[in-house]
Amino acid sequence: MESLEIEPEKHGEYKTEDTDEKAVLLNYFRGNYFSEGRRSCSLKRVNYFSLALSLLLVASNVVLIGFLLTKSSPASPLSKKVLVIGTTFDYLPFTGLSESGKGQGIDIDLSTELSMSLKGRAPVFVKTTWSQLVDQIAENKFDLAVGGIDITLERRKSCYFSQGYAKSGKVGLTLCRSIDDVATVDRMRSKMLLVGVNKGGTNEKFADRFMLDTRKFDENGSQMHALLAGEIDVVVTDIEEAAFFSKKHTNYCHSPLYTNSSKAFLLPQDDAFKSYVDAWLSENQNFVEEVFRKYTE
């Protein structure tokens, strides 16, 4: 396996006191507990209460993270000197390589910051494939895997997932002039369109489940080249990859969502490490949103 050390970016400080959480809490209490006649005299108390509750949530996550770091076993990723992260580097905007060969993408930024939170440890990224991902995590070859990974029941049999950090789903990507042909899975199938998918992941499982006329590609990304060359009619992929592709190739469009799913980090079956990663994601929602904007807007 090829390893790649990524120098973490300096993302700056991310303050919590101006988050949307306070506004959401305030609107909740306004809409559900106060009548119109009492709102004006009660807003200050609600403001104090919502701020106190927000600070309490932050403090509880800090305490939990500190506890997990001191109680983790020697074999836990929490105790290791270096966090080893598996990724395919082939699924932008989540994971990819720049022209200079440097890792880039939403999950590269997020997992780098996660690794740095473990007492400043720099991560080591190791290139893998979609077909090997789950087995390698189950065999503890990686401390976690990232790169636009869907939460599925099949993967849960041998691995843990972090809490979801993004909603996603499958779409059909095709020429804009043919977009009506992929409006639904049934229409795509009735038109007998040739569908391209990469092997080893949920795109392949989707095509098999709906018995589509499919051409399968060993290397992810090859199906996109085949689409541009007119060798296939449509690519089935996640909405994030389809939207990222369409920004560069404006004559291609994607269908409405065929499915609904959530993206998460794939983890070994280590309870303490999962608790830490979940706490980190909860604590850094503003940063997660900022990274998504960086790669999708």
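1. Where is the place of I137? The place of I137 is in helix 4 (residues 133-138), where helices are DSSP runs of H or I of at least four residues and strands are runs of E of at least two, numbered from the N terminus. At 0% relative accessibility I137 counts as buried, a word used here for under 20% relative accessible area, with exposed meaning over 50% and partly exposed the range in between (1.4 Å probe, protein chains only). Leaving aside neighbours within four places in sequence, I137 is in contact with F142, L144, A145, C159, L266, L267 and P268, contact meaning heavy atoms within 4.5 Å. I137 and S158, which are 21 residues apart in sequence, lie 8.4 Å apart in space, C-alpha to C-alpha.

2. On the basis of the model: this is a predicted model, in which local features need pLDDT of at least 70 and side-chain atom pairs count only at pLDDT 80 or more, while totals for chains, interfaces and linings use all residues. Residues are numbered from 1 along each chain as its sequence is written, and side-chain values use heavy atoms, with hydrogens and water left out.

3. On the overall make-up, the protein has 11 helices and 14 strands, and 45% of its 297 residues count as buried. The accessible surface comes to about 15,500 Å², of which 52% belongs to carbon and sulfur atoms; areas come from the Shrake-Rupley method with a 1.4 Å probe, and for residues only the protein chains shown count as cover. Among contacts between residues at least 6 apart in sequence, 71% join residues at least 24 apart.

4. Strand 2 (83-87) deserves a look, since four of its five residues are buried, so that this strand is largely enclosed by the rest of the structure. Strand 2 runs parallel to strand 5 (residues 123-127), joined to it by five bridges, with P123 as the bridge partner of L83. Strand 2 also pairs in the parallel sense with strand 6 (residues 144-150), over two bridges, and there L144 is the bridge partner of I85. Two strands are taken to pair if DSSP finds at least two bridges between them.

5. The loop between strand 2 and strand 3 (96-97) holds P93, and the peptide bond from L92 to P93 is cis, with omega near 15°. F89 lies in the loop between strand 2 and strand 3 as well; F89 has a positive phi of about 55° although it is not a glycine, and is buried, with a relative accessible area of 8%. M211, found in the loop between helix 7 and strand 11, has a positive phi of about 50° and is likewise not a glycine, but M211 is exposed, with a relative accessible area of 67%.

6. An open sheet of five strands has the order 11-10-12-9-13, with mixed pairing. Strand 11 (214-217) and strand 13 (252-254) stand at the edges with a single partner strand each, so one side of each is left without a neighbour in the sheet. Neighbouring strands of this sheet are turned by 30° against each other on average, direction ignored. Strand 9 (residues 170-175) and strand 13 run antiparallel and are joined by three bridges, and C253 of strand 13 is the bridge partner of T174.

7. Two helices lie across strands of this region. Helix 7 (residues 202-209) lies across strand 9, strand 10 (195-198), strand 11 and strand 12 (234-238), at about 140° to strand 10; axes here are lines fitted to C-alpha atoms, for helices over the stretch in contact, and angles run from 0 to 180 degrees between N-to-C directions. Helix 9 (residues 239-248) lies across strand 9, strand 12 and strand 13, running at about 125° to strand 12. In helix 9, E240, E241, A242, F245 and S246 are buried, and the buried residues of this helix pack against elements including strand 8 (166-168), helix 8 (222-228) and strand 14 (261-267).

8. Helix 10 (residues 271-283) and helix 11 (residues 285-296) pack at an angle of about 75°, with their axes 5 Å apart. The contact is made by W280, L281, S282 and E283 of helix 10 together with Q285, F287 and V288 of helix 11.
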